[in-house]
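Q: I'm new to this one. Can you walk me through it?

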Amino acid sequence: MCEANAYLVTEDGQEELLLEAVDKLNVEGETIRLVNIFGRQEIVRARIKALALVDHRIVLEKVHD
C-alpha cells in the first residue's frame, strides 16, 4: 500500500498521530487538507516539515499567528 500516516508536531516537539492511511494531501495556502482511504479528512493550519515516503510518514508543524 502507498498510504502514509500523518503526524502533527506538538508544542513540546513530540509527533502526535493526526490521520492514518492518508491517500491525498492538498496544500491550500497555510491550510493542509488530508484525506485517507476511508474518506475521513482533517484540515489543519500547518506546513510540511518532513516527508518520508519509504517509511509512509508525513510530518506537519502548526503555523502560528
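A: Let's start with a turn. This is a predicted model. In it, S4 and S5 form a hairpin with four residues between them. His56 sits in the turn and has a positive phi of about 60°.

Q: What kind of residue is His56, given its positive phi?
A: His56 is a residue other than glycine, with phi near 60°. Most residues other than glycine have a negative phi.

Q: Is His56 buried, exposed or partly exposed?
A: His56 counts as partly exposed because its relative accessibility is 33%. Its place is the loop between S4 and S5.

Q: In which sense do S4 and S5 pair?
A: Antiparallel, over six bridges. S4 covers residues 41-52, and S5 covers residues 57-62.

Q: Which residue is the bridge partner of Ala50 in S5?
A: Val59. Tyr7 also stands opposite Val59.

Q: So what about S1 and S5, in which sense do they pair?
A: S1, residues 4-9, pairs with S5 in the parallel sense. Five bridges join S1 and S5.

Q: Back up. What do the five strands close into?
A: A barrel, in the order S1-S2-S3-S4-S5. The pairing is mixed. From one strand to the next, the twist averages 65°.

Q: How do S1 and S2 run?
A: Antiparallel, joined by five bridges. Ala6 stands opposite Leu19 in S2.

Q: How many residues lie between S1 and S2 in their hairpin?
A: Five. Gly13 is in that turn, with a positive phi of about 90°.

Q: Where does Glu11 lie?
A: In the loop between S1 and S2. Glu11 counts as exposed because its relative accessibility is 71%, and the cut-off is over 50%.

Q: How far apart are the C-alpha atoms of Glu11 and Val22?
A: They are separated by 23 Å. Along the chain, Glu11 and Val22 are eleven residues apart.

Q: And S2 with S3?
A: S2, residues 15-28, and S3, residues 31-36, run antiparallel. Six bridges join S2 to S3. Val27 has Ile32 as its bridge partner in S3.

Q: Where is Ala21, and is it buried or exposed?
A: Ala21 is in strand S2. It counts as buried because its relative accessibility is 16%, and buried means under 20%. Ala21 also has a positive phi, near 55°, in a residue other than glycine.

Q: New topic: how many residues has the largest nonpolar core?
A: Twelve. Among them are Ala4, Ala6 and Leu8, along with Leu18, Leu19 and Val22. Others include Ile32, Leu34, Val44 and Leu60.

Q: Which elements give two or more residues to this core?
A: S1, S2, S3, S4 and S5. In soluble globular proteins, nonpolar side chains tend to be buried together.

Q: How many S1 residues are buried?
A: Five of its six residues, so S1 is mostly covered; buried means under 20% relative accessible area.

Q: What does Leu18 touch?
A: Leaving out residues up to four places away in sequence, Leu18 touches Ala6, Tyr7, Leu8, Leu34, Arg40, Glu42, Val44 and Leu60.

Q: Tyr7 again. What sits over the ring of Tyr7?
A: The charged end of Arg57, 4.3 Å from the ring centre.

Q: Last one. How many aromatic pairs are there?
A: The count comes to zero.

Methods:
Residues numbered from 1 in each chain as written. Predicted model: local features only at pLDDT ≥ 70, side-chain atom pairs only at ≥ 80, totals over all residues. Heavy atoms only, no water. Pairing = 2+ DSSP bridges. Phe/Tyr/Trp six-rings, centres within 6.5 Å; stacked < 30°, edge-to-face > 60°. Lys NZ or Arg CZ within 6 Å of the ring centre and 35° of its normal. Axes fitted to C-alpha atoms, helices over the stretch in contact; angles between N-to-C directions. Buried < 20%, exposed > 50% of the residue type's maximum accessible area, 1.4 Å probe, protein only. Core = buried A, V, L, I, M, F, W, Y, C linked by side-chain atoms within 4.5 Å. Contact = heavy atoms within 4.5 Å.
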